[in-house]
Amino acid sequence: MPHTELVVMESWDDRLSRIPTQWSMVQRAHGGQQTEVGDAQRKLLERYGGAVRRYALAALRNEEAADDVFQEFALRFVRGDFQTASPDKGRFRSFLKTTVYHLIVDHQRKKKRGAREAQMGDDAPEPVAPDEESLGDLFNESWRDDLLARTWVKLQAAEGETGKPYYTVLRCRVEHPEARSPELAELLSERLSKPMKAGAARVVLHRAREAFADLLLDEVAHSLDEADRDRVEQELIDLNLLEYCRPALEKKAGPPTDAT
């Protein structure tokens, strides 16, 4: 058993070490050959554009305003405004949160100043910036929601590739949280166009939850600057995702480093 756990931990660590850190991608996105720069910019915007826009929409509660903030973020990113960013200034999520926060503040100030000047002239008072701590909580929620959304997309893609109906089963459970096993089996029999008994429904639901947790764990690890076991666990705690991933984390990475 100890040997097996060691092999699992080495495999996990080796795999994590091959994940490009977000800071290295930021550096690639602001230097090097043009092809490499464009590829890194595209990957970063694809990966984090959803969280940025969710954050802007949650803060501004206006689709058009959120689009404006996202477009300004993308413009500044492609223009190279973030080339001085580095891991010395904190983790990538914090950097992204602070960057978008200032864009949101700038947007609100411009909008309020324009409205006040139209009514009161140049003597209009400077608008008060929104509280950074409260918007920071919104960013964490947006980041969490985006991780979950991308995990659902990957689970659906995996179902198409493997034929294992984990996405269908888990969506059915989400849509019918109170359904007991016999009722869930009937619903799945209809959706999958094949008969399923209650016992089989319980088994496939358990496997679907495991598959979702594995994919979510990978998403969280991929979003970190340094994805060792302790940092992954702390990120899961910070984002209130540990309940989804604890068994998957222990299975892949073994016990915490301070475990006795």
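E233 and R229 form a salt bridge in which the closest N and O atoms are 2.6 Å apart; a salt bridge is taken as a side-chain nitrogen of Lys or Arg within 4 Å of a carboxyl oxygen of Asp or Glu. The model is predicted, so that local features need pLDDT of at least 70 and side-chain atom pairs count only at pLDDT 80 or more, whereas totals for chains, interfaces and linings use all residues. Residues are numbered from 1 along each chain as its sequence is written, and side-chain values use heavy atoms, with hydrogens and water left out.

E233 and R229 are 4 residues apart in helix 10 (residues 229-238) and are therefore separated by about one helical turn. Helices are DSSP runs of H or I with at least four residues, numbered from the N terminus. An α-helix has 3.6 residues a turn, so residues three or four places apart point the same way. R229 is buried, at a relative accessible area of 7%. Buried denotes under 20% relative accessible area, exposed over 50%, and partly exposed the range in between, with a 1.4 Å probe and protein chains only.

The structure holds 11 salt bridges. R76 pairs with E72 in another of these contacts, with 2.7 Å between the closest N and O atoms. Both residues lie in helix 4 (residues 63-79), 4 residues apart, which is about one turn of the helix. R76 is partly exposed, with a relative accessible area of 24%, and E72 is also partly exposed, at 28%. A salt bridge is likewise formed by K251 and D214, whose closest N and O atoms are 3.6 Å apart. This pair links distant parts of the chain, K251 being in helix 11 (residues 242-253) and D214 in helix 9 (residues 198-222), 37 residues apart. K251 counts as partly exposed at 47% relative accessibility, while D214 counts as buried at 18%.

S181 is located in helix 8 (residues 181-192) and is buried, with a relative accessible area of 17%. Apart from neighbours within four places in sequence, S181 is in contact with A198, A201 and R202, contact being defined as heavy atoms within 4.5 Å. The C-alpha atoms of S181 and A201 are separated by 6.5 Å, although the two residues are 20 residues apart along the chain. The side chain of S181 also makes a polar contact of 3.5 Å with the side chain of R202. A polar contact is a pair of N or O atoms within 3.5 Å; within protein, one must be able to donate a hydrogen and the other to accept it, and residues adjacent in sequence count only if both atoms are side-chain atoms.

The buried residues of helix 8 are S181, L184, A185, L187, L188 and S189, and the buried residues of this helix pack against helix 7 and helix 9. The end C-alpha atoms of helix 8 are 16 Å apart, in agreement with the 16 Å that its 12 residues should span at 1.5 Å a residue; the expected span is 1.5 Å times one less than the number of residues. Helix 8 is followed by S193, whose phi is positive, near 60°.

T168, in helix 7 (residues 166-175), is buried, with a relative accessible area of 16%. The side chain of T168 makes a polar contact of 2.6 Å with the side chain of E159. Beyond neighbours within four places in sequence, T168 is in contact with E159, L188, R191 and L192.

The structure holds 1 cavity of 30 Å³ or more, and the largest cavity has a volume of about 50 Å³. The lining of the largest cavity consists of L44, L45, Y48, F73, F77, F92, F95 and L96. Helix 3 (34-60), helix 4 and helix 5 (92-120) are the elements that give two or more residues to this lining. On a 1 Å grid over the protein atoms alone, a cavity is a set of points where a 1.4 Å probe fits but cannot get out, and a pocket is an open set with protein on both sides within 12 Å along at least five of seven lines; lining residues have an atom within 4 Å of a point. Grid points are joined across faces, edges and corners, and a volume is the space filled by probe spheres set on the points.

Two or more residues of the lining come from each of helix 6 (132-162), helix 7, helix 9 and helix 11. Helix 9 gives the most to the lining of the largest pocket, with 6 residues.
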